[in-house]
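Have the sequence and the 3D view open side by side. Then follow the report below, one topic at a time.

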Amino acid sequence: MFGIPGKQAVTITDKAAAQIARLMAKDGHQGLRIGVKKGGCAGMEYTMDYVTEVDPLDEVVEQDGARVMIAPMAQMFLFGTEIDYETTLLESGFKFRNPNVVDACGCGESIKFNEDIPAS
């Protein structure tokens, strides 16, 4: 839907692809759907959900056995994002490096996008 022909909407690091593939294999999921929703102190939050059925309107990115679907309303917010998976002594989880984010809350759970991108 939204994108540049020949360019993936998001990129997935090797660590993120390995973790997504593990999650998919665990319960036979078709992949992970990522999106954004209103919420948090900065205004928007990322969402991630298991997918049992691929929506034909989703943008699908596949890499090394991992499949990520981008919800239609989130595609303009996520274009150009790198998805990584980081593990530290205190936590592990997916990290989004999104060039469209102009601000984030102190806890890192919510983000704010450029005002030129219409919020849904």
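Exposed means over 50% relative accessible area, buried means under 20%, and partly exposed lies in between (1.4 Å probe, protein chains only). The helix covers residues 14-27, and its buried residues are Ala16, Ala17, Gln19, Ile20, Leu23 and Met24. Those buried residues line one face of the helix, because they fall within an arc of 165° seen down the axis. The arc is taken from the directions between the helix axis and the C-beta atoms. After α1 comes Gly28, with a positive phi near 70°.

Helices (H or I, at least four residues) and strands (E, at least two) are DSSP runs, numbered from the N terminus. This is a predicted model: local features need pLDDT of at least 70, side-chain atom pairs count only at pLDDT 80 or more, and totals for chains, interfaces and linings use all residues. Residues are numbered from 1 along each chain as its sequence is written, and side-chain values use heavy atoms, leaving out hydrogens and water.

## Strand β2 and its partners

Strands β2 (residues 31-38) and β3 (residues 44-51) run antiparallel, joined by eight bridges. Across this pair, Lys37 stands opposite Glu45. β2 also pairs with β5 (residues 66-70), in the parallel sense, over three bridges. There, Leu32 has Val68 as its bridge partner. Two strands pair if DSSP finds at least two bridges between them.

## The nonpolar core

Which residues touch the most other members of the largest nonpolar core? They are Ile20, Ile34, Ile83 and Phe94, in a core of 26 residues. Such a core is a set of buried Ala, Val, Leu, Ile, Met, Phe, Trp, Tyr and Cys residues joined through side-chain atoms within 4.5 Å. β1 (10-12), α1, β2, β5, α2 (75-78), β6 and β7 (92-97) each supply at least two residues of this core. The largest share, five residues, comes from α1.

Ile83 has contacts (heavy atoms within 4.5 Å). Leaving aside residues up to four places away in sequence, it touches residues including Val10, Ile12, Ala16, Ile34, Val68 and Phe94.

## A buried aspartate

Asp84 lies in strand β6 (residues 81-87). With a relative accessible area of 11%, Asp84 is buried. Its side chain makes a polar contact of 2.7 Å with the side chain of Thr13. Another, of 3.1 Å, joins Asp84 to the side chain of Arg97. A polar contact is a pair of N or O atoms within 3.5 Å; within protein, one must be able to donate a hydrogen and the other to accept it, and residues adjacent in sequence count only if both atoms are side-chain atoms.
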